[in-house]
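Reader: Hey, can you walk me through this one? I'd like to start with the charged pairs.

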Amino acid sequence: MRRASCSAIGERDPFVDAVLAEEGLTLGERQPRTLDELEDDYFDLIVTLAPEAHHAALELTRSLAVEVEYWPMPDPTDTGGTREHIMAAYRDVRERLKTRISRRFLLPEAKNATD
C-alpha cells in the first residue's frame, strides 16, 4: 500500500514533527505534497481527514477502483493560545489517528483483544 501525506500549504508543520517525536516517530525527509504532485494515481486506499481533501480524493478516484475513507478530524492549526495549548490539540489528533489506524489495520484477532 502506498501512503501520501498531503497538505494544502505544502510545508512541514513543526508541531506535527514535535508530537511524532514524542512517540519516537519521524517523517524523515518526507515533505507534504498535494494530490496533484503525486507521481502516480494508483492507490489501494485513500484516507482523508478534511472535507476538502475528501471531495478532491473522490473526484480523483471517480473512475478508479480505489477505496476512499473519510476520518473527520479537528484541525489543530485553528488552535490558539500557548504553545502547550497548541501541542495539546496536535496530541489529540495524533491519538485519534492512532486509534483509527489501529482499528482499521489490525488483524481481527488483535482487534478483539483491544476491545
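This is a predicted model: local features need pLDDT of at least 70, side-chain atom pairs count only at pLDDT 80 or more; totals for chains, interfaces and linings use all residues.

Reader: Ok, back to the bridges. Which parts of the chain does the E23 and R94 pair link?

Author: The side chains of E23 and R94 form a salt bridge at 3.7 Å, N to O. E23 sits in the loop between α1 (14–22) and β1 (45–48), while R94 is in helix α3 (residues 83–105), so the pair joins distant parts of the chain, 71 residues apart. Helices (H or I, at least four residues) and strands (E, at least two) are DSSP runs, numbered from the N terminus.

Reader: And is R94 buried or exposed?

Author: R94 counts as buried, at 13% relative accessibility. Buried means under 20% relative accessible area, exposed is over 50%, and partly exposed is in between (1.4 Å probe, protein chains only). E23 is partly exposed, with a relative accessible area of 35%.

Reader: What else does E23 bridge to?

Author: K98: their side chains meet in a salt bridge of 3.0 Å, N to O. That pair also links distant parts of the chain, with K98 in helix α3 and E23 in the loop between α1 and β1, 75 residues apart. K98 is partly exposed, with a relative accessible area of 35%.

Reader: Which residues make up the salt-bridge network?

Author: E22, E23, E84, R91, R94, E95 and K98 are linked in a network of salt bridges.

Reader: How about R104, what does R104 pair up with?

Author: There's a salt bridge between the side chains of E67 and R104, at 3.3 Å, N to O. E67 lies in strand β2 and R104 in helix α3, distant parts of the chain that are 37 residues apart. E67 is partly exposed at 41% relative accessible area, and R104 is partly exposed at 28%.

Reader: I'm also curious about E69. Where is E69, and is E69 buried or exposed?

Author: E69 is in strand β2, and E69 is buried, with a relative accessible area of 15%.

Reader: What does the E69 side chain make polar contacts with?

Author: One partner is the side chain of W71, at 2.9 Å, and a polar contact of 2.6 Å joins the side chains of E69 and R104. A polar contact is a pair of N or O atoms within 3.5 Å; within protein, one must be able to donate a hydrogen and the other to accept it, and residues adjacent in sequence count only if both atoms are side-chain atoms.

Reader: And what does E69 touch?

Author: Leaving out residues up to four places away in sequence, E69 touches L45, I46, V47, T48, H54 and R104. Contact means heavy atoms within 4.5 Å.

Reader: Switching topic: how many helices and strands are there?

Author: There are 4 helices and 2 strands, in the pattern α-β-α-β-α-α along the sequence. Buried residues make up 22% of the 115 residues.

Reader: Which residues are in the largest nonpolar core?

Author: The largest nonpolar core has 6 residues: L38, F43, I46, A57, V66 and V68. A nonpolar core is a set of buried Ala, Val, Leu, Ile, Met, Phe, Trp, Tyr and Cys residues joined through side-chain atoms within 4.5 Å. A57 touches L35, I46, T48 and V68, not counting residues up to four places away in sequence.

Reader: Last one, R12. Where is R12, and what does the R12 side chain reach?

Author: R12 is in the segment before α1, and R12 is partly exposed, with a relative accessible area of 23%. The R12 side chain reaches the backbone oxygen of R30 at 2.5 Å, and a polar atom of that side chain lies 3.1 Å from the backbone oxygen of G28. The C-alpha atoms of R12 and P32 are separated by 6.3 Å, with the two residues 20 apart along the chain.

Terms used
Residues are numbered from 1 along each chain as its sequence is written. Side-chain values use heavy atoms; hydrogens and water are left out. A salt bridge is a side-chain nitrogen of Lys or Arg within 4 Å of a carboxyl oxygen of Asp or Glu.
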